[in-house]
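Hi everyone, thanks for making time. Have a look at the structure on the screen, and then I'll walk you through it.

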Amino acid sequence: MFWQCRRWSCVGPIKSGVIEDRIGFFPAAFAHQVKAGDRVFRCHRTFIGCKEQGQITLKEGQICVSGEDEHSGFIRVASGKKRGYVPCDVLENI
């Protein structure tokens, strides 16, 4: 399940967040600030990327963000610390 964290703060590599009525901590690597115009996607099937072609691997259910448009059926996304291209047909807008 995907939860949208409304408020979060940073303390070194650990962040705290509030989701509905719950407060908790999570690694900073799991946080990605979404800017105006960015789109958030969920991968609906695993894609194994080729590093030589600038692609990344995404697992089913993984969340990623992109502020770019599609080019030849691929889109450049960011997921955690990883950035690269994935085919548009493995992503669904959320």
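So, how many helices and how many strands does the protein chain have? The protein chain has zero helices and eight strands, where helices are DSSP runs of H or I with at least four residues and strands are runs of E with at least two, numbered from the N terminus.

Before going on: this is a predicted model, so local features need pLDDT of at least 70 and side-chain atom pairs pLDDT 80 or more, while totals for chains, interfaces and linings use all residues. Residues are numbered from 1 along each chain as its sequence is written, and side-chain values use heavy atoms, with hydrogens and water left out.

Of the 94 residues in the protein chain, 26% are buried, meaning under 20% relative accessible area with a 1.4 Å probe, protein chains only; exposed is over 50%, and partly exposed is in between.

Now the cysteines. The disulfide count is zero, a disulfide being two cysteine sulfur atoms within 2.5 Å. For C64, the closest cysteine sulfur is in C43, 7.0 Å away, so that's too far for a bond. C64 is also buried, at 1% relative accessibility.

On to charges. There are two salt bridges in the whole structure, each one a Lys or Arg side-chain nitrogen within 4 Å of an Asp or Glu carboxyl oxygen. One joins D89 and R45, N to O at 3.3 Å. That pair links distant parts of the chain, 44 residues apart: D89 sits in the loop between β7 and β8, R45 in the loop between β4 and β5. R76 pairs with E68 at 3.8 Å; R76 is partly exposed at 33%, and E68 is partly exposed at 32%.
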